[in-house]
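Take a walk through this chain with the structure open beside you.

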Amino acid sequence: MAEDSDLERTEDPSPRRLEEARERGQIVRSQELVTFAVLMTGVVGIIYQGPDILTAIKQMMVDQLSFNRARIADPTQMALQLLRASQSVLTSLLPVFMMTVIAAIVAPLLVGGWLFTFEPLVPNFGKLNPVNGLARMFSVHALSEMIKAILKSSLIGGVAIAVLWRQRDEVLTLISMPPMMGMAYVFELVRFTLLLVVGSLALLAALDVPYQMWEYSRGLRMTKEEVRQEAKEAEGDPQLKGRIRAMQREAARKRMMAEIPQANVIVTNPTHYAVALRYEEGKNAAPVVVAKGSYLLAERIIEIGKEHQVAILRAPPLARALYHHAELGTEIPAALYTATAEVLAYVYQLRAYQQTGGVQPTPPQNLPVPPELDPGGEA
């Protein structure tokens, strides 16, 4: 049962999944919104451009229904006159055409944004599979599109029929109206009908946009296993990351061991902790921790120190304080300056004794280590 639940697409698509779909050309699109935007723009354009359009149509009818001897004698004059009249009408309609084209381009961007890709143009022979084609034909998406088409056709047809039925008496009297008056009435009737149709399509677009967004998200849903795999790829394989961290620790340990021969002193617990310090007068403001470790690593630090004749001092409180409160590669805390200074003074005296002889120095006892810095005891 757990395996079945992991294979069910119940998880929302991740940002990476959405970005991959966008790269493939899959974005949210609402055809009903485009239809509404184009029709609304066209109706608004016709309303504002209507007088010019009507004037151009009137002039075309007057010009084309007027005859003189020159037109009758020369048929090309009629063709030229028709061309000029058509140009006048098209010029009056050009702003409306431009507005609808802009609306057709801008409307899709309101939902899915701008996308320019050639990915959908790449041949995909899998779409020729008849089994997949039948699956698409009887899918939930195909059913919803069919229902929308039926609703849209019924809506547009119902609105048009209702308007014409309500205006049936006036429509029947068009045959007896003067041409100019009839044209004006038809223009008003068309404009009123289009306004009602666009208003009804606005409701359909308002319902279709959320549905398309839901359908798009549902189609990109992921299984729990896909989510885990994506997280693993994004963050890196835990085993690989563990190996990398182990390699980094090993490299850091090797670098630390290479610094031990340059240390001035190694302070020990004696075996639980070992901290190697280096101080270069004029370069360091305070001693620097070049190596530190506990148990086996502490023993190895002490061994390397002995091999390179680094002074080793048993000072448990100071060793514990340095191990717990001094970071590798940084200067020691200010609270340990006094205790460390006594240790370094002893080391310098010991080095002088080894080189020139004299009185052997006594290792410092009861170093002034603040109690709050000493974790306390071997535990």
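Helices (H or I, at least four residues) and strands (E, at least two) are DSSP runs, numbered from the N terminus. Glu250 and Arg253 both sit in one such run, helix H11 (residues 238–259). They are three residues apart there, about one turn of the helix. We will return to this pair below.

Some ground rules come next. This is a predicted model: local features need pLDDT of at least 70, side-chain atom pairs count only at pLDDT 80 or more, and totals for chains, interfaces and linings use all residues. Residues are numbered from 1 along each chain as its sequence is written, and side-chain values use heavy atoms, with hydrogens and water left out.

Start with the whole chain. Its secondary structure comes to 14 helices and six strands. Of its 379 residues, 31% are buried. Buried means under 20% relative accessible area, exposed means over 50%, and partly exposed lies in between (1.4 Å probe, protein chains only). The accessible surface comes to about 24,300 Å², and 63% of that belongs to carbon and sulfur atoms. These areas come from the Shrake-Rupley method with a 1.4 Å probe; for residues, only the protein chains shown count as cover. Now consider contacts, meaning heavy atoms within 4.5 Å. Among those between residues at least 6 apart in sequence, 75% join residues at least 24 apart.

Turn to the sheet. Four strands form an open sheet in the order E5-E4-E3-E6, with mixed pairing. Two strands pair if DSSP finds at least two bridges between them. The edges are strand E5 (288–294) and strand E6 (311–314), each pairing on one side only. On average, neighbouring strands of this sheet are turned by 20° against each other, direction ignored. Axes here are lines fitted to C-alpha atoms, for helices over the stretch in contact, and angles run from 0 to 180 degrees between N-to-C directions.

Look at one pairing in detail. Strand E4 (residues 273–278) and E5 run antiparallel to each other over six bridges. Tyr273 has Ser294 of E5 as its bridge partner. Ala276 has Ala291 of E5. Is E5 open or enclosed? Six of its seven residues are buried, so E5 is largely enclosed by the rest of the structure.

Helices cover this sheet. Helix H14 (residues 337–356) lies across E3, E4 and E6, and runs at about 125° to E3. Follow the chain past H14 and you reach Pro361, in the segment after that helix. At 12% relative accessibility, Pro361 counts as buried. Not counting residues up to four places away in sequence, Pro361 touches Tyr346, Gln349, Leu350 and Tyr353. The C-alpha atoms of Pro361 and Tyr348 are separated by 9.6 Å, with the two residues 13 apart along the chain.

Next, find Asp208 in helix H9 (residues 179–219). Asp208 is buried, with a relative accessible area of 2%. Which residues does Asp208 contact, leaving aside its neighbours within four places in sequence? They are Ser30, Gln31, Glu32 and Lys148.

Last come the charged pairs. Side chains of opposite charge can pair when their charged atoms come close. A salt bridge is a side-chain nitrogen of Lys or Arg within 4 Å of a carboxyl oxygen of Asp or Glu. By this rule the count comes to six.

Stay in helix H9 for one of them. Glu215 bridges to Arg218, with the closest N and O atoms 3.1 Å apart. Both lie in H9, three residues apart. Glu215 counts as buried at 12% relative accessibility, whereas Arg218 counts as partly exposed at 30%.

Now back to helix H11. Glu250 forms a salt bridge with Arg253, and the closest N and O atoms are 2.9 Å apart. Glu250 is partly exposed, with a relative accessible area of 32%. Arg253 is also partly exposed, at 32%.

Helix H12 (residues 296–307) holds Glu303 and Arg300; because they are three residues apart, about one helical turn separates them. Their salt bridge has its closest N and O atoms 3.3 Å apart. Glu303 is partly exposed at 41%, and Arg300 is partly exposed at 36%. Elsewhere, salt bridges that share partners join Glu259, Arg278, Glu280 and Lys283 into one network.
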